[in-house]
Structure formats: structure tokens, C-alpha cells
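This report walks through selected helices and strands of one protein model. Please keep the sequence and the structure in view while reading.

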Amino acid sequence: MLSENSTPQSNGDRSHEEQGLDNVVGQSAQESRILRLMMISNEFVTMRDSMEIFPLPGNEVEPESSPSQNNVQNAACRLGQGRTTDLMVFHAIKADFNQAKIRDLVTNAADELLKLSLEKEPLWQYHDPSNRDTEILNHDEYNKRFSNILDETLEEIIKLIAVDAPLNVDINLDCSSTDIISGDNQRTRSPKMEASRARACIQMPPLSVVYVFMDAKLWSFFFSDMLARAMVLGILDPGTPTLDGALQVMSAEYHGPSALLRTRESYFARYCKMLSHNVWIVVDVSLEDLITNNPFMNCKRKPSGCLIEGLPDGSTKVTWIEHVEAHTGFLSLLFKPFVESGFMYGAKRWIDVLVRQSERLELLVQHAIANLLPGNPESAGMDRLLRLAEQMRRLFFGALSATKSHLWKAIPVNGPQDILVNSREVPGDAAAAFLTATTSFWLPIKAKTVFQYLNDEKNQIKGDMLGDGYRIDEALHLRGGITTDNVVSVIRMVETEENKTSIMLQEAQESTSGSYVVFAPLDLPVMESLLDGHDASSIGILPSGFVILPHHPGCGQGEGSVVTVALQLFDRSARPNFIPEDSVAILLDVVMECETNIRNAMLQLLHI
């Protein structure tokens, strides 16, 4: 049952779950390490299963461990014209001479990435000396130090593909995808170079980190905030049991935390090399030039990836480098500074997601080990609650995605920014649809202040979005990770007129690279069943929420933040790609009222 006064523990407290790591059956250090690895392996299986049930928004067909022509061809058809390139690359990489060239390409890319990981100034510089979280590549220095070996290798691949690649395949193209937002993804004349580096230490064994990158489903699960679609098109080498030498060709679509942000797409080879004991490098290098003049491909990955170093205490140091050549195409003026500065898809945002996910994984492992101990009945319920919160967050960012499988309609309103709406299919129910409405706006208020306001259970913003007449009262919250930056809450909502109680599940994360507050209504019996330890995978959940992006050097908008509001509803009168006028009116009223209330509350702070 719900507890009124449960609170997150401070970083210095040792929970029952953490003590379980030391106490289970009087284990030795070696036995504890093996048990922990077994629990991580079990979690990886659960993550893969979850991606089968709730795939990324752009993945109509999920990646398989051994891609087949049928799998890739089905994806090409169901996802529209842009995905036929998947099938072309799938056949192109079968040729031995192309595989040899790709191997040369990734070998050179791994060497370059290693040098980039180890170099210091003047090659890498801090954009803001007061904030040393992210380093920016000095392109003049880069051009002096690195030859054009990679470009020459790519040119040879292009020639071979153009002349000899066996691309005569039967493709059924009786399918399409229509984009109904003004603007397009066409290439701009001058692509923009973006390169950044960030580091972090995470509580995961280094080989487990490597497995996350080399398994498409684990990669999709960990980075669903950043990925709209991911597919393995071919495995050229499975590598050793430690993944040394593993090589695969992939396609991916990257999205941002707003439907106003156009997605980026790329084709690349991903290569893993074990450099020494407990040290790996995982590198991506682009293969866009295998398919020339393709308007869907707007992001060329120069050598990017991670240096993964195991530390004596069992944790891992990760050095992340993002180096891309991007054709930005159409950009919302609101987000243009965030994209053009390299912030939106930069290394800092990627590594922050990795840190959060590794902390959640560590917490789930602690719960799993605690479940082996007698006298700990609450651990199973907390475990289920964390899993449902993870599912809720992934569905929220998936719903905001501007991937081509989502058709957004701009509704003009009085204000600087339109409201976007879409409708999506309800699995197993053709007579209804999920509706989403979203908008984004600038506030001259620090992101931290906005986050604290939206995360405060005492304000009525979230209750008003879900319905009129609710009184908000937090009942329980717990850590969503090892630190208290991520908090999962169960919030009691009382309908004032009839005194009926319902439940809202919320997850909130504060970060310098972007914060969010995501929430969804749940029936009280469902929540109580969850806390009793019942499975969460079959629970339907429809999240709404807020994303807060902070000002940072390079954005040029002055101190402040960009807030994105998203509301989701289940509607029996709507259908996929069709929303009745009455439903549109409801969506607009709720979202516009929410924006107005946030603006008014924040402006009051300016005058205090």
C-alpha cells in the first residue's frame, strides 16, 4: 500500500538493497562480482524483451541479431521510401570487396578516435572555461593533424558500389510516408561540422558497457531519449566473446525532445576493438556515401564513439566523442541555436543519458539482489515501479519524436509558436487513437527554476492537464538512480467534488543537458497491484509531461530556457491520422492554458 512519508535516501545512506550486495549468503568479493554480473545479464534480457513490446517510434520492424533480407525489406516497405536505402546497403555490404574496404575504413577510424580521446589542448578546447563538462574540437588544429585517409577510403567504396555492387533486387514500394509539417529534411548547401567530447565514470562493468553499444536492442533501450530508429543491416564479424573485432553496419535516426526538431539519419559501420585488458574502443564511421544523392541521409558520422576503460573498483570511465557533418535543413527558430551550437546532439547529452541509465540499472540490480534476502517484501514492488517509470519515460520521448512514422499537423494559434498535433494507432483497437498535442516556448528564467516549479507536487499544472477539479498530494517517492537527481513519485490525486482518489506516476530528472518531468494517470488498484510485486509489462500507460532545455554558451538567447509541453489522450472518436474538430479544440485549450499558467507563474518570480 502507499506510504505517506516515504522519501528518497541521501547519497550517504546505505539502503537495504545496497547492504544486500555485501550480505547475500556471506559471499566473497569474487562471488559478489559474479552474482552482480548475472543480475546485469538478466536485466539485459528484460531490456531486449521490452524493446520487442515497446519499440522505438521509427522501428516498425525491430533489429534482429542476424538481419535477413525479409526483415530489412519489410522495414523498407512499412517505413516508406526512405527505408529502401536500408535494403540497398544490405545488399551492397554483401560484396567481399566492399567488406574489405569497410574493414579498412573502421580500422583507420578506430585509430583516429583513440587519438582524439587522448589528446588535450589545443586540439580540444572548453567552450566555457567556467563549465568544463564539454570540450569542443578545434577544427583548424584537427585539419592539421589528421590526413584525408578516411575520405580517400570512402571515395573508393563509392566507386566500387557505383560500378559493381549487386543491387538488382525486387522491392515492393507500394507504401509511402507523407510529411505534413512545413519545411523538409533536404540537404543544405553547406553542411555544418559539430564535434564535442565529454567524460563520465559509471557504475557498470566495462564489458557490459561494450555490450550495450554492440547490441542494437540494448542500444535502443539505453538511448531512447536520443534514438527514433535503429537497425542492424549486416554483421560483418561477430567478434570474440569479449567483442574484440566485432563489426556491423547499421542505420539510425536521431531525434530531439520536441516534435519541432527534425530528425537526423545516418548509415554507418560500428566497430569494436579491445585495446588491452579492460580497455575497448567502439567507433562509428559513416557510410552515407555508399548511396549518393539520397535526400533522407542528412548526418555523416565522422569517427565518433567511446573509449571504455575499466577501473580497479569495477566501475568504468567513458570518454564520448561526437563528430558529425550535418545538413540541418529546416530548423525551428526556437531550437536553431541549440542545434547549430552542437548542443542538441552533442557528446554531453549522450553521456548524460548513459549515466542516468547506468544508475537505474545499478539500482535494479540492487533490488534484484535484495529480493534474494528474507524479510524484504517491499523490494519487488519498488522494482516494478521503477520499470513502469522507465517504460513511461520511453513512451513519452517516443511520442514527441518527429520521425517519419509520425505525422504532425501544425495548428496556428495566437502566439509565437504553433501547436502540433498527431494521432496514432492504438494497438489492438482500430476504433480509437492516441492523440498528442505539443508546443515549445522560451522563458527568460533559469532552467533550474522552471524545473523546480514543474516538479513541485503542490502546483496544479499537472492535475489541470489531466482533468479539472483535482487536488494534488504526493504519497510516495523513491530514487530513480544512485543519486537523487532522478526521482520516481507516486502522487495521489483527489477529485474535490466526489472525493474520488486516483494515482499519477511521475518521473523527474534534472540535468545541465536537459531536464524533464513526465507523468501519467493510473488506477489505484493497478498501482497497488504493482507495489505488491505484480508484472508491469502489461500495464497500459499514456504519459504527458515537460522538457526543459537550459541556456548554454553558444545559444545566444540570453539566460533562460526552452520549455516543451506535451499532452496525450485516448480518444474513441479519433482515428490514426484523423482528429475530430472537437478533439482538436480540447487539445488546444489544455495545452494553451498550461503554457499560459507556466508563463504567468514564472513572470511572477521576475517581479518578486
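## The buried face of helix α13

In helix α13, which covers residues 447-455, the buried residues include A447, V450, F451 and L454. Seen down the axis of α13, its buried residues fall within an arc of 100°, and they therefore line one face of the helix. In general, an α-helix has 3.6 residues a turn, so residues three or four places apart point the same way. The model described here is a predicted one, and local features are reported where pLDDT is at least 70.

## How α13 meets α16

Helix α16 spans residues 581-606, and its axis comes within 11 Å of the axis of α13, the two crossing at roughly 125°.

On the α13 side, the contact involves T449, V450, Y453 and L454, which meet N597, I598, A601, M602 and L605 in α16. Two of these α13 residues, V450 and L454, are also among the buried residues of that helix.

Strand β15, residues 486-495, is mostly covered, with nine of its 10 residues buried. Strand β14, residues 470-479, is joined to β15 by nine bridges, and the two strands run antiparallel; within this pairing, D473 stands opposite R492 in β15.

Strand β16, residues 500-509, is likewise antiparallel to β15, and 10 bridges join the two. Here M493 has S502 in β16 as its bridge partner. The hairpin of β15 and β16 has four residues between the strands, and in this hairpin N499 takes a positive phi near 60°.

## Strand β19 and its partners

Strand β19 runs over residues 561-571, and because nine of its 11 residues are buried, the strand is largely enclosed by the rest of the structure. Which strands pair with β19 in the antiparallel sense? One is β13, residues 429-443, which pairs with β19 over 11 bridges, and another is β18, residues 544-550, which pairs with β19 over six bridges.

Technical notes. Residues numbered from 1 in each chain as written. Predicted model: local features only at pLDDT ≥ 70, side-chain atom pairs only at ≥ 80, totals over all residues. Heavy atoms only, no water. Buried < 20%, exposed > 50% of the residue type's maximum accessible area, 1.4 Å probe, protein only. Pairing = 2+ DSSP bridges. Arc of directions from axis to C-beta. Axes fitted to C-alpha atoms, helices over the stretch in contact; angles between N-to-C directions. Contact = heavy atoms within 4.5 Å.
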